[in-house]
Amino acid sequence: MLSCKEASVLLSLSQEQPVGWRARAGLRLHLMLCRGCRNFRLQLDMIRTAIRRFRDDDTPR
Amino acid sequence: MTSPGEQDIQQHRAYLMRYALLQLRNQEVAEDVVQETLLAALQGLAGFSGNSSQRTWLTGILKHKIIDVMRRKAREQPLTINDDESEADAIDAIFSANGHWQQPPANWGDPAKSLEDSKFREMFEICCRVMPERTARAFMMREVMEMSTEEICKELKITQANLWVILHRARLSLRACLEIKWFGTRTN
């Protein structure tokens, strides 16, 4: 079973490139059981979305 | 020959400024590269319009100018290189000895709502600004300029493994900062 530390590394890495099937399987199992890492995954997506939004958003502040 | 519309230029400038500021984190330097970009663009082509292909084209010019600035800066004052060990130590500190989160990431609720909130944007910018220079440079190359990891490694003269650690560290610290500054102040 992956630790949260290992899972977080894989989640971050998934933002760069697809990870192998073995890692994906380990990650899926971990995420089923770990709310903190599920939240972390959502936060990573949000951070990426936010940066691109703030870069591209043309509406004046 | 049609002269570029004032409004088009202003709109492009605003976009280019946001882009340059996210990457360079310095108002003056960002203004300079945007100015150079617009001048280069005006010399290269008659007429501006607000369409998206022109934005793409301008962004291409801007990217080159930004990379030039970063190279020059790297030559003039090389950053003190954090060795991988200190990066790894910083990541270790976020987890307990058995690999659990010291502070498990919380539920941030509906992202769309936060993204609409100008206060969130302000906090996000603050959290980006507190990132160490070397970390921010690599992270923004990835997220703002959307460079591939290969390109970034070549530019910064580091290995893939180095870069992964830097990016991971950047995300961990950015999310921790946001959680304290933004989400910690709300009740879910």
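## Disulfide

Going by sulfur atoms within 2.5 Å of each other as the test for a disulfide, there is one disulfide over all chains of this predicted model. Cys127(B) and Cys177(B) make that link, with their sulfur atoms 2.1 Å apart. The torsion about the S-S bond is -80 degrees, so the link of Cys127(B) and Cys177(B) is left-handed. It ties together distant parts of the chain, since Cys127(B) belongs to helix α6 of chain B and Cys177(B) to helix α9 of chain B, 50 residues apart. Helices here are DSSP runs (H or I, at least four residues), as strands are (E, at least two), and both are numbered from the N terminus.

Are these two cysteines buried or exposed? Cys127(B) is buried at a relative accessible area of 2%, and Cys177(B) also counts as buried, at 14%. The scale behind those words is relative accessible area with a 1.4 Å probe and protein chains only: under 20% is buried, over 50% exposed, and partly exposed lies in between.

## Background on the model

This is a predicted model, where local features need pLDDT of at least 70 and side-chain atom pairs count only at pLDDT 80 or more, while totals for chains, interfaces and linings use all residues. Residues are numbered from 1 along each chain as its sequence is written, chains are lettered from A and ligands numbered from 1 in the order in which they are written, and side-chain values use heavy atoms, with hydrogens and water left out.

## Chain A and its cysteines

Chain A has three helices and zero strands, giving the pattern α-α-α along the sequence. Of its 61 residues, 46% count as buried. Look at contacts (heavy atoms within 4.5 Å) in chain A between residues at least 6 apart in sequence, and 58% of them join residues at least 24 apart.

Cys4(A) is buried, at 5% relative accessibility. Cys37(A) is in no disulfide either, with the sulfur of Cys34(A) the nearest at 3.7 Å. Cys37(A) is buried too, at 0% relative accessibility.

## Where B meets A

On the chain B side, 43 residues are in contact with 30 residues of chain A. Buried area is the accessible area (1.4 Å probe) that two parts lose on being put together, summed over both; between chain B and chain A it is about 3400 Å², with carbon and sulfur atoms giving 58%. Leu115(B), Arg121(B) and Arg171(B) supply 20% of what chain B buries against chain A, more than any other three residues.

Nine salt bridges cross this interface, a salt bridge being a side-chain nitrogen of Lys or Arg within 4 Å of a carboxyl oxygen of Asp or Glu. One of them joins Glu16(A) to Arg171(B), with the closest N and O atoms 3.0 Å apart. Among the elements of chain B that give two or more residues to the side touching chain A are α1 (6-24), α6 (118-129) and α9 (160-181). α9(B) gives the most, with nine residues.

## Thr59(B)

Thr59(B) sits in helix α3 (residues 52-76) of chain B and counts as buried at 9% relative accessibility. Its side chain reaches the backbone oxygen of Arg55(B) at 2.6 Å. Leaving aside neighbours within four places in sequence, Thr59(B) is in contact with Tyr15(B), Leu16(B) and Tyr19(B).

How values were computed:
Polar contact = N/O pair within 3.5 Å; in protein donor to acceptor, adjacent residues only side chain to side chain.
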